[in-house]
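Please look over the sequence and structure first.

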Amino acid sequence: MCSSDLELFIKYDEIVKLPSKERDIQITRLAIVAEIDAANLYESMATQARNKELKEILLDVAKEEKKHVGEFEFILENLDPNWDQLEDEGEKEAEEKIKEK
């Protein structure tokens, strides 16, 4: 278990004590973090892999992890109505900052 895994385990241990709806929201958020961490790990390993087939498989698995992020984001948008609105606002702010450059 790496330190990131340990941190997620500790957070999960705290999350299960929350009320039902808040628990589901936090579990979903934690799942998104775990999927992003996994995708980053596989992509990092792919840059170090010497074997072509291994590299291809690692990159393919990283893509799958990113798809999982999308699945969990869909769930989060349904569990937390503010999430979608705030995410949209954040995207607009980022777009405006990029246009300013």
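How many residues does helix α2 have, and what distance does α2 reach from its first C-alpha to its last? Helix α2 (residues 20-48) has 29 residues and reaches 42 Å. This is a predicted model: local features need pLDDT of at least 70, side-chain atom pairs count only at pLDDT 80 or more, and totals for chains, interfaces and linings use all residues. Residues are numbered from 1 along each chain as its sequence is written, and side-chain values use heavy atoms, with hydrogens and water left out.

**Helix spans**
- Helices are DSSP runs of H or I, at least four residues, numbered from the N terminus.
- The reach of α2 is close to the 42 Å expected at 1.5 Å a residue (1.5 Å times one less than the number of residues).
- The 28 residues of α3 should span 40 Å at 1.5 Å a residue, which agrees with end C-alpha atoms 41 Å apart.

**Buried residues**
- In α2, Ile25, Gln26, Thr28, Leu30, Ala31, Ile32, Glu35, Ala39 and Ala46 are buried (under 20% relative accessible area, 1.4 Å probe, protein chains only).
- In α3, the buried residues are Leu58, Ala62, Glu65, Val69 and Leu76.
- Their cover includes α2 and α4.

**α3 against α4**
- The axes of α3 (residues 52-79) and α4 (residues 81-100) come within 4 Å and cross at roughly 115 degrees (lines fitted to C-alpha atoms over the stretch in contact; angles run from 0 to 180 degrees between N-to-C directions).
- The two helices are therefore roughly perpendicular (65 to 115 degrees).
- Glu73, Leu76, Glu77 and Leu79 of α3 meet Pro81, Trp83, Asp84 and Glu87 of α4 (heavy atoms within 4.5 Å).

Notes:
Parallel < 35°, antiparallel > 145°, perpendicular 65-115°, else oblique. Buried < 20%, exposed > 50% of the residue type's maximum accessible area, 1.4 Å probe, protein only.
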